[in-house]
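Notebook open, model loaded. I wanted to look up how the parts of this assembly touch one another.

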Amino acid sequence: MPEIILEKVTKRFDKFVAVDNLDLHIADRGFVTLLGPSGCGKTTTLRMIAGLETPTSGRILIDGKPVFDSTKGVNVPPNKRDIGFLFQNYALWPHMTVYENIAFGLEMLKWDKKKIAARVDEMLALLKIEQFVKRYPAELSGGQQQRVAIARTLAPSPKVLFMDEPLSNLDAKLRQEMRTELKRLHTDTNSTFVYVTHDQLEAMTLSTQVCLMNNGLLQQYAPPLSIYSSPANLFVAEFVGNPTMNFIPAKVDKINGSDVMLSVLDKNAVFHAKAPVANLGAEAVLGVRPEFLPLREDGPIEGRIYSTLPTGMETTVKITCGDTMLTSVVFGNVDYPVDMPIRLAMNSDGLVLFDKQSGNSVGLGCVTV
Amino acid sequence: MKRFLSLLLVLAMALSMTVSASADSVQDALAAAAAMTNEELYEKAKAEMAAGAQLNFYSTTSFAEKAANNFMAAYPELKLVYAEIDDVETYTILTNTIGSGVKDSADMALTQNGPDLKTYLLDEGLAYTYFPESLKDVVEEKNQDPAIVTYINSLLIYHNGNGSVGLTNVWQLTEEEWKDKVFFKNPTNETVNINFLIMLTSPEWNAKLEAAYQSRYGKAWEKGEFETCALEFIDGFLKNVNYTYTSASKMAAGIASGAPGNMGLFVFSKLRKVDEADRSNLTIVQFENAVEGFSGFMYPIYATVAKDTDCPYTCALFINYLLSEEGFAGEKSWNSSQGYYSPNKTIQKPEGLDDQPYEYWTDCLVFEDLTYINDHFVEVYEFIATRVG
Amino acid sequence: MRKPQPNSSMREPLLYRLRAFVTKPANLLLVFFLCVLAVLSLMPMVTMLTNMFTIHLGTEKRLYRMPTGSWTLVHFQKLFEGSDWSRVNFWEPLKHSFIVAFGAGILGIAIGGSIAWFVTRSDLKCKKFISSVFVFPYMMPAWTLALFWTNMFQNSQVGGGNIGMIESIFGVCMPEWFVYGLFPMIVVIGLHYSPFAYLLIGGILKNMDATLEESATILKASRWTIIRRVTIPIVMPAILSTFLLIFSSGFSSYTVPVFLGSAVKCYTLSTKMRALIQAGYQGQGYIIAFVSILLGCIILGINQWFTGKRKSFTTVTGKSGQVSLVKLRKANWPITIVLIVFICFVAIMPLISFALESVIRQPGNYSLSNMTLHFWIGTEDSAYETGMIAGILLNTTMWKAVGRQVLLALVVALIVGTSGMLIGYACVRRRGTRLSRFVESLAFFPYLMPAMAFGTIYLAVATSENFKWLYGTFALLVIVSAVKFLPFASRSGVNSMLQIAPEIEEAAIIFGVPWHKRMLRILFPIQKSSILSGYLLPVISVMREVALFTLLVPYARYMLTTMLFSFNETGYAQYGSAVTLLIILIIMLINSLTNKLTGASFDKGIGG
């Protein structure tokens, strides 16, 4: 069954390195998201797996079979890879009706007419677009075009489905709706999904695994929750999570096995890591998710309210603490007056310590002040 | 390898031999043809046609097509194919095609502009001249090599409306009064015109211009800004010239229907293109009074035979025909129009055509001398070109 | 990082890269066209270069006293050394060419661009009429417009003092600068190419998202400010490349300066080039040709620099932009009427004038008694006076020439249109690669070469030992015209392919649609009208080309246009007018037939 393996895949455009030495293992029936800021190489990676782009070097296996191997000169064309591809701009053929758009690929696969008709009907029903069957793409709204594109992609029942930011052209409500549909489709179709997005929320909510990339380099490849809770480096920590993680500069005074003495926010503190700490220089960054910075009267850290941003279900509170701006999240709807003095606790074992120079995470643990 | 090379060498030699052999045979054939009667030539020509030849002849004049049709009527077993080529492109096309072996390249050419004919075709051995023995007595020697099939003249002609008068002395054309009223095709675009201007610098015409100068201004011409009298004339003449018309026919029709008093120096035969209603507006200066200096110029159409023709006898017969009364004065051919003159003195212009025979023009018109032009082309061309642009 | 084995790293990736390279049809196409164009387009250039440094038979041999074929720099010395010769033969004509080309570019864009704006962006009346009639001047050979201009404006005060239509009807005499010289050259060339500007700019305007303008309206920008700050910058790349195309066309235009310039001793580089070559100064003539090409290359460079800096603004993404038309309100009818009058003058009036000129016996006299149809249907005897065998409609030579011209146009269109589309496809797919840039430039290169120099060089090639079978054949004309007219078709191919997002094709690749089916069933149908105009353009170009053919036809009456040119040169004015009219009618017929059959038409947009 389809399992996708990338080994040392590199793609260069002239001198620009789009993807650098990427190793990736996409499990069967996974829903993997390639996440990262624009220009990070995620779309290129997707297109290389699909066979639309030829890597400069490396090896790609789908279902155990090499579809690409630069040393052996293997390069299986896209249509032999048994995949589907959903494009960001849908790429519907403007001169064909909805029916023709969906049927065309099946014709090319030499299905017989009846079977095609049946399959198209099935797809139309699945995506609830039966009434548009005779329309041309230009006569459809964005969401409807999107559904047609999905129907067209799914029609030949590909084993792997690639999606390149398929929801980015839709409005917020429609996007929410389509997310649900996609997740549902993933279970219904029983295939492997590889999904490209720059929207971390989409990645978090949809995928079984997130592959976070930056500047052509793999940053972290893990399930969404572990990406969230134990980011591999500062970039990952900052990219994932909303509101963003607090990054508090700290000075390393002494390392004692898994305990690190720190000066942080003009206080002396100890970081108790879950494992012995290594590769830590003199300067560190303490990463604290906003939910791990509760407002508490007995908290050891003092600050002042800078502003309060209620969203209904929860409230984001911005606090100045000396020169540092901190973010905290409070459940429920609270409003604090500006400049009100306040105290914060730091009471979770989900804090992350980063080496400032390398940016890498060196340990996960809690802090006592 | 060596073997191959030597084989190649032998092949190349054989090839060059066949080429030169055929070249020789064309020249020999033409030499032999010159002494033959037309009946003998016809027999030889028929043999050439039987061997699959046809006579492709290139010409810049449409009358040649008429003559060819008449010829084929007289000699029904011969086939002539006429190709009209633009005067300007003539020698570019001929030098590239003759001897290159391309299909249907010219067997014979009827062309104007003798100096270029000599430089590009005759001196390079691409074409040969031919003249029949039988006509050597009735055609002046200077018109025999290369053979001239017809002369064409350009004359000073003016619009006589509003009591306009012509001229008596060519120097008048250099005077302020004629500014922009003298029409002449741009000599840098029209080879026969540049040849005419170059001929003016020849000792003979320079002397005639000096005499005309003396008569007009009452003093002998003196060297000043200009090296010769002819150059001063050319300078003054070109200053007055108006280049509105790019073709002789348009010039003829344009002057006839244009402003009175305008003067043109253009091809006489083009008067036939002028609508009859306008024709009376035009006066030929020479027919009115003799002009001191010149009243126009005369240029020939030459007949030459390509070096690689496969029908030299047919070419010879056709040239004989063009030089004969039958060919030149046949139905709707050259002689029926004003401005064409056979060098064959036995052929007279028909009555009532308002024209004169060849001899009439020999003194008042400037004739093309291709040796002189070739020797002086560069200096005079550059003198003229800087005055035209 | 582990270093790979030198053995495998050197050999196999290369092999693999080669394999990866050849599996893409775009690459194969590029290589194919690279080879073909290197021969057909670069080779003439090389020939020309050698001509600049060698002594030719005739004048040059006599002047410099060197054997034919010897290498020399004297041509450069002579042409550029500060002297009267240099001024008259190079600098003055250069100045004139530049003024004409620049003026024509500006005028063409001003006229074409503003009509394009009115037709696509405003609620102007009679759009259909305006847009279909306005392209007429582009279909007519440029020099026929020049003839029309003199027929119209010549008067008793200038030139030969012949009375033109304007004087005979209104009694107005235009001054000399208006009738002959740089001004009418600019106007005629500008008018001739303005439909081109109209089509190119109109195409962009039509596809432009109206929200771009609307958003400016919301920001309270005035209508003029919007045009100036939003609309013009967006169409700027199109304006610029149109300007450059008109500029180089104007620069190398030969026939117009001949008809409008020589009367007042006004020469351009192209007329000088011809005169020099004719007088035997081939070396200098070719240097002038080279200068034109060099200038064209600089222009091309500027164009690429610009389009490289700016992104293409108009890619069709599948979303339909809504067009809201600017309301002209009270100005609507006045503007419409002005435009219609203008268009009638430049587009319909010439046709009427040619029709009239072809039936009058005596020029300038338009009375009914002076009219005759014998230039059209006269028999042998009545036509004798004028030297032609018969009226053109009864003349077999004429009909053969018509047949050849149409056949040539169709064959060339087929070759050029297809090549243009394929080059467009390949270049766009491999955009950014050196190969793609190179092929695109090579395909555009023949455009820069003056048609006359092109013809001269091909004559030399076709009469050389290896190619002599080509001379005088129809195939030669096909090859030469195909190369010469490829530039526009490949441009239009590139433009139309640029408008198709690559995903449209990739979506089909995923389904395993083979390349030829992707072309035939996806790409071609989507850009049908634009691609068909790529086919139509060469038809029109061939139908009205002269300079390219004059040296390559076996005889002057072989092609319709060379026949026409010789009519005009030799003064068969009525036959000339009749043939001109016939050519224009044939072009229109082909255009409307294509329109009826396929829905595409010339005026539906080059790259639009």
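**Contacts between chains and domains**

I started with the A–C pair: 25 residues of chain A are in contact with 24 residues of chain C. Keep in mind that this is a predicted model.

β7 (83-86) and α2 (98-108) of chain A each supply at least two residues of the side that touches chain C.

Then I stayed inside chain A. I found it divided into domain 1 (4-237) and domain 2 (243-368). The C-alpha centres of these two domains of chain A lie 38 Å apart. Their contact takes eight residues from domain 1 of chain A and ten residues from domain 2 of chain A. On the domain 1 side, helix α8 (residues 234-239) of chain A gives the most, three residues. That side of domain 1 splits into five nonpolar, three polar and no charged residues.

I looked up α15 (residues 370-388) of chain B against α5 (residues 84-121) of chain C: the angle is about 55° and the axes are 9 Å apart. So I filed α15(B) and α5(C) as oblique to each other. The crossing of α15(B) past α5(C) is left-handed.

Who meets whom? B:E382, B:A385 and B:T386 of α15(B) meet C:D84, C:W85, C:V88 and C:N89 of α5(C). By class, I noted three nonpolar, two polar and two charged residues in this helix contact.

How values were computed
Residues are numbered from 1 along each chain as its sequence is written. Chains are lettered from A and ligands numbered from 1 in the order in which they are written. This is a predicted model: local features need pLDDT of at least 70, side-chain atom pairs count only at pLDDT 80 or more; totals for chains, interfaces and linings use all residues. Domain bounds come from an automatic or database domain assignment. Two residues are in contact if their C-beta atoms, placed from the backbone, lie within 7 Å. Helices (H or I, at least four residues) and strands (E, at least two) are DSSP runs, numbered from the N terminus. Ala, Val, Leu, Ile, Met, Phe, Trp, Tyr, Cys and Pro count as nonpolar, Asp, Glu, Lys and Arg as charged, and the others, Gly among them, as polar. Axes are lines fitted to C-alpha atoms, for helices over the stretch in contact, and angles run from 0 to 180 degrees between N-to-C directions. Angles under 35 degrees count as roughly parallel, over 145 as roughly antiparallel, 65 to 115 as roughly perpendicular and the rest as oblique. A crossing is left-handed if the near helix is turned anticlockwise from the far one by less than a right angle, and right-handed if clockwise.
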